[in-house]
Amino acid sequence: MKVPWKWLMEYCRSPWSVEETAERLTMVGVSVENVVHDSFEGKGLITAKVVSVFPHPQRPGLSVGYVDAGGRRYAVVSGAPGFKPGVVTAFAPPGSKLPRKGSQKKQGPAEDDSSRSGPEALEVLARDVHGVLSEGMVLSANEILTGEGPRPGEDILIFPEGTASGLPLDEFLDLDDYVLELDLTPNFSHCLSIIGVAVELSAISGVPVRLPKTLASWSFLDPAGSLETGDDSSAAAWEGEGPRIEVVLEDPDLCPHYVGKVIRDVKWGYSPIQVERRLYLAGMRPINALVDATNYAMLETGQPLHAFDLDKLAGGVIQVRRSRPGESIVTLDGVVRELPPESLVIADARGPVAIAGIMGGKETEVSETTRNVFLESAWFSPRSVRATSMRLGLRTEALIRFEKGVDPTAQVACVERAAELITRVSGGTPLPGWSRARAFEPPRRKTVLDLRYLEKVLGQSMEKDQVEGILRRLGFSVQDKDGDLEVSVPPRRVDVAEQVDLIEEVARHLGYGSFLGQPLNVTVSPNVPAVAVYKERLRDFLRCLGGSEVVTNSLCGPDDIAAMGWEADDPRANPVKLENPLTSDESLLRTSLLPGLLKGLETNKRYKAAGTVIWEIGTVFFPSKEELPLEKLQLAIAAYGVLSPKTWNAPPLEADFYYMKGLVQSLLEGLGVDDVTVEKRAGMPFHPGRSCKVLSKGVTLGEMGEVHPLVLEKYGLDRRTALAWFDVEALRAMSREPRYQPVPRFPRVERDLAVIAPEELEAGAIERLVRREAKHLVGFRVFDLWKGAPVPAGKKSIAFSMIFGAPDRTLTDDEVTLEIQKIVRKLEEELNVTLR
Amino acid sequence: MDENKGSLSAPAMSLLGEIGKMEQSALTELETISSEQELEQFRTRYLGRKGLLTAVLRRLGELPQEERPVVGQRANALRQKLEEEITHRDEALRREALARSLEREQLDVTLPGIPFRRGTLHPLTLALRQILDIFVGMGFSVFESREVETDEMNFVFLNVPPGHPARDMQATFYVNPEVVLRTQTSPGQIRGMRTYEGRLPVRFIVPGRVYRRDPADVSHHPVFHQIEGIAVDRDISFRNLVWVLEEFARKFFGPDTRIRLRPSYFPFTEPSAEMEVSCTICRGKGCSVCKYSGWLEVAGAGMVHPVVLRNGGYDPDEVTGFAFGMGLERLTMLKLGIDDIRLFYSCDTRFLRQFA
Ligand SMILES: [Zn+2]
């Protein structure tokens, strides 16, 4: 909603500057997003009197005349019918400027004023018109406002007799103005009108609202007063000549009130320039005087109105009804629209002539040939018009108001106001009374405001008079009821239904700034769930291990899933799908963190990082039989390339299997996960020979390893890449809180063994055997591995160190030697492993 | 000793003379010694079992009984002196050797050290930890809620029935007509409240991911994070809300931060407010970040709507409550001066490693 400042001031004159007024409105909830100084762009335009006119020597239809512009004379060529001696008109002398074309369409914030004027304004030059030098131009309203030529049938501006010549046009026409650009929240539909904003301004400033006389009967400021004016009979119409219109409400659930008003013998034309300027400032395009009058009345009151050409309505009947299958309409914008089933339409005897509350039809619109007008003012069901608008993808100024609900008592007053505006410009005779049908009695809405509850919610005591005063200034009427307030709600305040709504009215007009903070006075011992604590513990460990935490999108696309190479029946290949994704890339809920991390690696590779380690803790999603998908917390780590480059004193560190295994081991150790084992070979996207499952006490926690070359190729990763992922709940179940273990008091004995083993034997098999057989073993570590000469083909040499110790004594050499002998024997028997 | 000299026999005098000469030559020699090995040889030569001084002592037997102590004392004095000198010399030699070795072991200290890889937490994690600390300090528990929600939880229970215009305020991703990706952490209000089963006071925050169907740009991302907070008790007031928001703003943005509340609209609170803080960039003077207003919107807040209280299992006639919600990304951006929300989701370590 855009509110032209001077228009607003007609209803409530602010005691403050534009900026301060905007600020004060914002602080009561009428959010003013921008204050735009819409200074008139034309420069040097003046009034001028036509002194004499002659036919153009070359061109019939054109005239040459002299104009007097405050002492200077100019020869001007024009084809306008109004270009006649004695007339005072608008004139652009050579060197003056017209607004740049189309400048009315955009408006920027106040600070950007400089960018909006200047080079693009159109400079008027003396020019040759078919052999006659025209020193400037006489102007139509459209040229003054838009820089574009006159519209069909538009004459030059003609000012009242006696207007002096040489007056600056912007001052004379009062074109300079400010616009308050409102960004209204959905509950502020009562400010979708200049008068609505004026009421708020009045409540802040105490300056009363002044309404045009025609609207004085409108009950909006006096909910306790009469809800309606005028003839109440639904069958009522005027007595007189011409077609009669009967209104039939076929679907009163969607339209319970429809008022039509006939104006006869109007003269077609354009609106006065000041009206057009205001419409522009309010963000609407002037069309013609008839349409403009309905728009002007809508902006003023918030009640949308529509003008039909009465003579184009067939059959003397207006039916307000649901659309029928197959019906369509050509709307004002020239588009053929199939009407969605159940759309509310206005129809004549032939068919739909308007989509109710959204847009009128082309066939019955007012045009140059219009003599008689049928004005519509109605109340339509917000839900119905909104649904139709969504189905059609068509939003209009009328719809924006109807979908929130307009004042159910405003129809008669507002149709009278529009009729008044029409006759003022276009002449014609409004017929008394209305074509009207009504199927409801607008309810009187009353709410009791419990002052103690108000004080409890707001946290401070409140004078009853103060509360009453605020409500009254906003148009509520208030009566005392057993110490509480019985409040009648103005019908236009469709947002106010219950007590809390009234509390908000009071609070916002008291000013939120008047509420001083008050500490919470009850002590609570807060609870942080174990999972949340555990996540932070994970994060701390991972930070110690050197990677960067990342946050990636939880939405992914079919390409991400396909790139992983999962089997078709793998749950990860069957993600939850969005019904209305923005793009295919973000159409699925992720089933794994790995695709996001691989993309993250690729991003860093693009930035020329030699190596990257990143990790994430986040939710993954799986379809479930329940109503809602399964959400699982996952941890994943990804490493790529050279993690620390070769330096002058150390070899490079690469993101290979053993790097990731070391990282994972450290992490699990830190978390207190015991009995960790690995099982070779994880599925896609891992390298089959360089990956494993990670288990604790036989329970799978996750997988790790290097990445399958086919997957790497899809992500353009050309160096070693390793991944790991864990189910956080599984990890948590296996983690133990640290507990004190006695520090060993007796010395430990370390013994090394070097053995020759079959090449395919895993080191883990040796470790398992040693751990099983050796008494007092407290540590096992492989420290060397060798293949090739002098070790025979098909064999490898493995060296490992074992640490022995007892909690209660020093082990003797003999004891340890016995253990070693047992190990050597078992290794040979079971694994074909011999001492080197 | 000296007064007896005159009466000493010739052999005794001779021995004493030898001892005197030996002392002189030994001390001279000692000064030329430059290694521990030489020093050891020196010691052996003079003090060893077959050393020169020992030889002198052996000859004591040749002297008359009464002269032996005099010469013996003299010899022992020399032995003691030489031992002391050797010790001194030894210490000096060790000092020199250490100095030489320190000299030899010098490094080029300008060469780089071993590359330790420092890990980093995400800036959103760092900010969230700080925010949680602040609210937990004010007695708020932490409640984590699901990301995929029923339409009912995300909208209906929060006083946004189907067809409500407020649904336009949030572009929603649907899984099916009844299931949405939560557009706000507010459904956590209902789920969280229900876990209290009517007990008072209710006071918790809900951090988490939310989803809006908005294309990504500098200030929008289809996935982002919110922190929701709610407090319900017999006499929670709007002024308590003001206090909590003020406390938060001062602790998060700094003690000089001012806050401003202005009326706004959320279906699940009434009265509703938009919370603004004095601009963290220009300190309220006006800049492009605050659009020259001096204020930055950081949170929505208000008194919990009776409908929401009822849906959470509380009687609005008995209790009141406040709630607030804020965007984690926005708070973090304002605090750290980050100008593009997409950076958070970029995985770009050039960005991420700035915030250890
Ligand atoms: Zn600023």
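**Packing of H6(B) against H9(B)**

In this predicted model, B:Ala127, B:Gln130, B:Ile131, B:Ile134 and B:Phe135 of H6(B) are in contact with B:Val244, B:Phe248, B:Lys251 and B:Phe252 of H9(B) (contact: heavy atoms within 4.5 Å). By class, this contact has seven nonpolar, one polar and one charged residues (Ala, Val, Leu, Ile, Met, Phe, Trp, Tyr, Cys and Pro are nonpolar; Asp, Glu, Lys and Arg are charged; the others, Gly among them, are polar).

The helices, taken as DSSP runs (H or I) of at least four residues and numbered from the N terminus, are listed below.

| Helix | Residues |
|---|---|
| H6, chain B | 123–137 |
| H9, chain B | 238–253 |

Their axes come within 10 Å and cross at roughly 140° (lines fitted to C-alpha atoms over the stretch in contact, with angles from 0 to 180 degrees between N-to-C directions).

**Interface of chain B and chain A**

Chain B contributes 93 residues to the contact and chain A 87 residues. About 7,600 Å² is buried between the two chains, 57% of it on carbon and sulfur atoms (accessible area, 1.4 Å probe, lost on being put together and summed over both parts). Of the area that chain B buries against chain A, B:Arg117, B:Arg239 and B:Pro263 supply 10%, more than any other three residues.

Six salt bridges are found across this interface (a side-chain nitrogen of Lys or Arg within 4 Å of a carboxyl oxygen of Asp or Glu). A:Glu616 and B:Arg209 meet through their side chains in a salt bridge, at 3.1 Å from N to O.

**Conventions**

Residues are numbered from 1 along each chain as its sequence is written, chains are lettered from A and ligands numbered from 1 in the order in which they are written. Local features need pLDDT of at least 70 and side-chain atom pairs pLDDT 80 or more, whereas totals for chains, interfaces and linings use all residues; side-chain values use heavy atoms, without hydrogens and water.

Methods
Helix = DSSP H or I, 4+ residues; strand = E, 2+ residues; numbered from the N terminus.
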